[in-house]
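Visitor: Hi, could you walk me through the aromatic rings in this one?
Guide: Happy to, let's take a look together.

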Amino acid sequence: MEKSSSCFFSNLSSSLPITCFISFIAIILVRVLYVIYRTGKPLGKRAPQQPLSTLIVLGSGGHTAEMINLLLVLQKDRFTPRFYIAAATDNMSLQKARVLENSLADSSGVKGISAEFMQIYRSREVGQSYITSVWTTLVAMAHALWLMIKIRPQVVLCNGPGTCIPLCVIAFFFKVIGIRWSSIFYVESIARVKRLSLSGLLLYKLQIADQFFVQWPQLQRKYPRAHYVGCLM
């Protein structure tokens, strides 16, 4: 009798970690499915004039130009404070963002600007080998995690640069574990006429973006969950 009881408790203790692990995975999976289901749906009633902290991801070249045009029609008092992030080697984009914020402050007569400007490490530079990019990708993810913990934005606005991927993935992860529910808005570049960019394709297929916008009708027909908004340039 004692021998059978000891065997029972021995088997129970050995299977307990496995049971806990399976239960943990099941809970995470259910939470991920819930977040995907809730993505893009209204979060409930909010005060009509409640400001929303907004993370704006900038990219070199045309990405920043398109984003600046989009920000010109943004309700500035609604989406504030604003946090601009660009790649560590992309000083031009942040310079354009500073010019925009200074012009907004001058036009409104407000002293100072309600915006911060940050840079993030790239996962991979152009021409960098894939072997060394493993380390730089880990560094970039750690840096992105630190920035997202610091900012914890309510809105993430991006339009295609690769630097937005780790930030959006971490924002989605924060939703899953309940740190912050960030609404992710992705606007595909006007240069993408027939197919999505790699960044857009990842966010679309993984259903990370709450709202996904394209600027060409043929893209909307190919990707039905996207919203066609016409040319923004």
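Guide: A definition to begin with: rings of Phe, Tyr and Trp (its six-membered ring) pair if their centres lie within 6.5 Å. Also, this is a predicted model.

Visitor: Okay, how many aromatic pairs does a search of the whole structure find?
Guide: The search turns up four aromatic pairs. One of them is Tyr 84 with Phe 117, a stacked pair with 5.3 Å centre to centre and 15 degrees between the planes.

Visitor: Why does that count as stacked?
Guide: Because planes under 30 degrees apart count as stacked, and here the angle is 15 degrees.

Visitor: And where do Tyr 84 and Phe 117 sit in the chain?
Guide: Tyr 84 is in strand β2 (residues 82-87) and Phe 117 in strand β3 (residues 115-120), so the pair links distant parts of the chain, 33 residues apart. Tyr 84 is buried, at a relative accessible area of 1%.

Visitor: What about Tyr 204 and Tyr 223, how are they arranged?
Guide: They form an edge-to-face pair, 5.3 Å centre to centre with 75 degrees between the planes. Tyr 204 belongs to helix α6 (residues 198-205), while Tyr 223 lies in the loop between α7 (217-222) and β7 (227-228).

Visitor: Is Tyr 204 buried or exposed?
Guide: Tyr 204 counts as buried, at 6% relative accessibility. Tyr 223 is buried too, at 9%.

Visitor: Which residues form the aromatic cluster?
Guide: Tyr 186, Tyr 204, Phe 212 and Tyr 223 make up one cluster.

Visitor: Switching topic: which charged end sits over the ring of Tyr 204?
Guide: That of Arg 225, 4.0 Å from the ring centre. Likewise, the charged end of Arg 98 sits over the ring of Phe 117, 4.8 Å from its centre.

Conventions: Residues are numbered from 1 along each chain as its sequence is written. This is a predicted model: local features need pLDDT of at least 70, side-chain atom pairs count only at pLDDT 80 or more; totals for chains, interfaces and linings use all residues. Side-chain values use heavy atoms; hydrogens and water are left out. Rings of Phe, Tyr and Trp (its six-membered ring) pair if their centres lie within 6.5 Å; planes under 30 degrees apart count as stacked, over 60 as edge-to-face and the rest as tilted. Helices (H or I, at least four residues) and strands (E, at least two) are DSSP runs, numbered from the N terminus. Buried means under 20% relative accessible area, exposed over 50%, partly exposed in between (1.4 Å probe, protein chains only). A charge sits over a ring if NZ of Lys or CZ of Arg is within 6 Å of the ring centre and within 35 degrees of the ring normal.
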